[in-house]
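Reader: Could you walk me through the ligand site and the main pocket of this protein?

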Amino acid sequence: MEMSINDLPAGNPSSSAPTTISLQCLACRRAYSALEVRYQCDCGGLLDVWHDLEALRPQVSRGLFDGRLSGVPGPRVAPTTNSGVWRYREIILPATIDNIVSRPEGNTPLYEHDCISEWAGVEKLFLKHEGENPTGSFKDRGMTVGVTQAKLLGANAVACASTGNTSASLAAYAARAGIPALVFIPSGKIAAGKLAQALAYGAHTLQIRGDFDDAMNLVRQVCNQMGVYLLNSLNPFRLEGQKSIVFELLQGFQWQPPDWIVLPAGNLGNTAAFGKALFEAQQLGLVDRIPRVAAVQAAGASPFYQSFKTNFAKRITVKPNTVATAIRIGKPVSYERAIRTMNWTNGLVASVTDSEIMDAKAIVDSAGIGCEPASAASVAGLRQLQKAGIIKSEETVICILTGNLLKDPAATVDYHTGAWPEAQYANPPTQLEPDMKAVERELERRL
Ligand code: F0G
């Protein structure tokens, strides 16, 4: 594919680009146009998409969003009808229907299962399965908005660094939009399903000999110097899409918030998006109280947890290592935004070992639901917080499962075939001769 990226940055912004939003710096509050290609403030601060909540208050209501729940999938149905992201477009990105790049995404299930509840020690436990999005992770919710914004800005190419899911999602949505995609991934450190997706959807895939944090540094330089539009969660439009996880789960509970939302945390984009969504939902009168957010990191990649333990007095970075490759990140980009979530939601951060993650995953998998390792950090974190008496067994908890089981088949097979000596719930296969007697003997033993 011929790349023509020299005449970026902004290309030709579409005349229908939204003007009712702007970008605002978290640190110094400086405002910029939403039509500017910009990921950070001149002062170095992170940016938010700013919505005029005063102006929106009379326009949005529970009724408005509930009235949009009736869409039936069919040919040429507008994405605004059957997407669990664009249903909330007024408080995400007020793009016009023609511009929207959608699969469509969202409308993910809320699972319940006695085994998982019992294991985690919480009766009213629901799993919001974001791994059941079109490309198998929650990233699709951010990417539909990010790629729509790229189109509105007239971007000639889009890029991201990724531990795998963002690159899979970017590759798919860029292909839908007909925009070339560049993905920077840590060589050898992403799960097979995710690499397969980036290649299959046609992204220019660059395997960087380094970790995610190295790839992230590099893609930022590439985007700044070559005028490619950056679609990591540093880009605030991505986070606007990810807010819809929270809007959708609140709507799923008829706008009665649970006590806790527990989610895995790596680059902290989702943690950041959840806080903003909850704050805005309350400001807009969609809910009257805010659940607490618990962000869970893998012990070997837990810079946010370690900073939390210092009450965020010190920003800690680490050399990351964990089986949950999706969250193998040592220097999370959305650090300040995620601290804001902790403040807004009376939130907390936990850390779980790889063994705890893999055991939690085995429990979720054995219920017929299934998820990738990073996702199970939420359930492992819940169990730990329940045991510590922080989350009470009678409280209502939603754990977010962020990615599909099929993303990382190797991690699952390794767990069940002996690579984890401490595995609690391994279900190893048995090799047999092609012989009826052998089958009978084996089934007697097993049943
Ligand atoms: N779970 C999964 C399955 C992920 O892929 C990620 C992040 C997270 C949790 C953590 O979310 O970064 O917002 O705190 N994956 C990114 C990627 C980094 O490149 O796909 P976060």
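Author: We can begin with the ligand and then turn to the pocket. This is a predicted model, in which local features need pLDDT of at least 70, side-chain atom pairs count only at pLDDT 80 or more, and totals for chains, interfaces and linings use all residues. Residues are numbered from 1 along each chain as its sequence is written, and side-chain values use heavy atoms, with hydrogens and water left out.

Reader: How many residues surround the ligand, and which are the closest?

Author: The ligand is surrounded by 19 residues, and the closest are Ser162, Thr166, Gly266, Asn267 and Thr402; a residue counts if one of its heavy atoms lies within 4 Å.

Reader: What lies 2.7 Å from an oxygen atom of the ligand?

Author: That is an N or O atom in the side chain of Ser162, and a polar side-chain atom of Asn165 lies 2.8 Å from a ligand oxygen atom. A polar contact here is a pair of N or O atoms within 3.5 Å.

Reader: How much of the ligand does the protein bury?

Author: The protein buries 99% of the 480 Å² that the ligand exposes when taken alone, with areas from the Shrake-Rupley method and a 1.4 Å probe.

Reader: Switching topic, which helix gives the most to the lining of the largest pocket?

Author: Helix H8, residues 212-226, gives the most, with five residues; a helix is a DSSP run (H or I) of at least four residues.

Note on methods. A polar contact is a pair of N or O atoms within 3.5 Å; within protein, one must be able to donate a hydrogen and the other to accept it, and residues adjacent in sequence count only if both atoms are side-chain atoms. Helices (H or I, at least four residues) and strands (E, at least two) are DSSP runs, numbered from the N terminus.
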